[in-house]
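Biologist: I am new to this kind of model. Can we go through it feature by feature, with the general idea before each case?

Modeller: Gladly. Have the structure in view as we talk.

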Amino acid sequence: MRHLWRRTLSFPPAVRLLMANQFLINLAFYMLMPYLAAHLAGELGLAAWAVGLVLGVRNFSQQGMFLIGGTLADRVGYKIPIMAGCLLRTAGFGLLGWVGDLPTLVAASAATGFAGALFNPAVRAYLAAEAGPRRVEAFAVFNVFYQAGMLLGPPVGLALLVADFRLVCGVAAAVFALLTALQWRCLPARRAERAASATGRAGVLSDWRTVVANRPFLLFATAMTGSYVLSFQVYLALPLAASEVLGSGGTAVTSGLFVVSAAVSAAGQLRLTGWAGQRWRPDQALVRGLSAMGLAFLPPALVPAGSAPAALGALLLSVVLLAVGGAIVYPFEMDTVVTLSGDRLVATHYGFYNTVSGIGITIGNLGTGALWGFAGQHGARWLAWSALAVTGLGCAACVGRLARTGRLTVRPGARPVTV
């Protein structure tokens, strides 16, 4: 904790504010979202298709609008989209607790999703610009705050839920209202470097053509989509496996696995980044981290059927390896996006990158779900785990090839990372 505190204080005030901002964003988000489906189906009595619609609209409005949010950040500055996103979440979370009709719930859910599309690319571009040559270190510290918010949000929400779901929504909305005011008062305005001619509608299309024409960036974004599919298995394959082993008791195990994943990431991020940065080049850290994420799915594939303790142990090992690999990858991944953007249109690149990742998650989850069902019908569960392992190793091989062919440009004067 002292190490984290010292590292945080070593950054400029704007960077420290962005880190605290992300902690509170995740705290508020995860105190509410895990319990929204139960509220919609239970207290409001919505049909399953309606619950799926409300949740799906939130995900689509965020993943589908990341490019818009990134483009706005590059054109109007980073502060305005960050504030607008937090203000929109204030309204959206407030509505979710006080309305019961489906159209308004869908609108509120869309607002909360679009809010994420507004502030996520802007925060990362702002952080990269302020951190300068310490980008990798800054993203490592940032991820600690990110994971800590994910870790603490659900238990805080559960404690508030004892009183009323409206209280959960009210507190979450109040957190975002506080963040809006705090950024308005304390966050310095910062604009991206832009070409003077990039204005109006033609300028937006020109920006998008610039990003799409950036072949090394597109190849990197495509190669990295598998890592997001693997990370999402904390919500898909691993819970399915836990339920298969323990039945109704799998829910508690799933919650425990989620806590372990966030705790490992938060506790180990700085040490892992410092250790990797001192020994490997950024591309080597990416390859090794992606390989670890792929290998994380081998333990469940090797456990014999019918052994519940061994299966649970394998799932725990998978979560730990997945979290370690992800912690190694994240700061170097975020730094590589900036490097490949050439420090121009950084937020737009982040927005496009997140959109590609979102599409990859959707396709990957459909494939994982279909393969899971097929493997279960044929008593070959190892097939699904092996496919996930191959996905991670394939991503690592693709990133390694990009590095060997010179498509992942290393910044001049890059030095080992000390965190």
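Biologist: How many of the 11 residues of helix α5 (residues 66-76) are buried?

Modeller: One caution before the count: this is a predicted model. Buried means under 20% relative accessible area. By that cut-off, eight of the 11 residues in α5 are buried, and the helix is mostly covered. The buried ones are F66, L67, G69, G70, T71, A73, D74 and R75.

Biologist: What follows α5?

Modeller: G77 follows α5, and its phi is positive, near 100 degrees.

Biologist: How should I read a positive phi?

Modeller: Most residues other than glycine have a negative phi. Now look for exceptions. D343 is a residue other than glycine, yet its phi is positive, near 60 degrees. L345 is not a glycine either, and its phi is positive at about 50 degrees.

Biologist: Where does D343 lie?

Modeller: In the loop between α16 (308-341) and α17 (346-377). L345 is found in the loop between α16 and α17 too.

Biologist: Is L345 buried or exposed?

Modeller: L345 counts as buried because its relative accessibility is 9%. D343 has 47%, so D343 counts as partly exposed.

Biologist: Next, aromatic rings. How is a pair described?

Modeller: By the distance of the centres and the angle of the planes. In this model the count comes to 18 aromatic pairs. Take F29 and Y30: their ring centres are 5.0 Å apart and their planes stand at 80 degrees, so the pair is edge-to-face. Both F29 and Y30 are buried.

Biologist: Why is the pair of F29 and F93 called tilted?

Modeller: The planes of F29 and F93 are at 35 degrees, with the ring centres 6.4 Å apart, so this pair is tilted.

Biologist: Which helices hold F29 and F93?

Modeller: F29 lies in α2 (residues 13-32) and F93 in α6 (residues 79-98), so the pair ties together parts that are 64 residues apart in sequence. F29 is buried, with a relative accessible area of 12%. F93 is buried as well, at 0%.

Biologist: Now the surface. Which residues make a nonpolar surface patch?

Modeller: L295, L298, L302 and L393 make one of about 360 Å². L393 lies in helix α18. Its relative accessibility is 37%, so L393 counts as partly exposed.

Biologist: Which residues form a positive surface patch?

Modeller: R215, R401, R404 and R407 form one. R407 sits in the segment after α18 (381-404).

Biologist: Why does R407 count as partly exposed?

Modeller: Its relative accessibility is 32%. Partly exposed runs between the cut-offs for buried, under 20%, and exposed, over 50%.

Definitions and conventions: Residues numbered from 1 in each chain as written. Predicted model: local features only at pLDDT ≥ 70, side-chain atom pairs only at ≥ 80, totals over all residues. Heavy atoms only, no water. Patch = residues over 30% accessible without salt bridge, like charges linked within 9 Å, V, L, I, M, F, W, Y side chains within 5 Å. Areas by Shrake-Rupley, 256 points an atom, 1.4 Å probe, with all protein chains shown as cover. Salt bridge = Lys/Arg side-chain N within 4 Å of Asp/Glu carboxyl O. Lys, Arg positive; Asp, Glu negative; His and termini not counted. Charge placed at Lys NZ, Arg CZ, Asp CG, Glu CD. Helix = DSSP H or I, 4+ residues; strand = E, 2+ residues; numbered from the N terminus. Buried < 20%, exposed > 50% of the residue type's maximum accessible area, 1.4 Å probe, protein only. Phe/Tyr/Trp six-rings, centres within 6.5 Å; stacked < 30°, edge-to-face > 60°.
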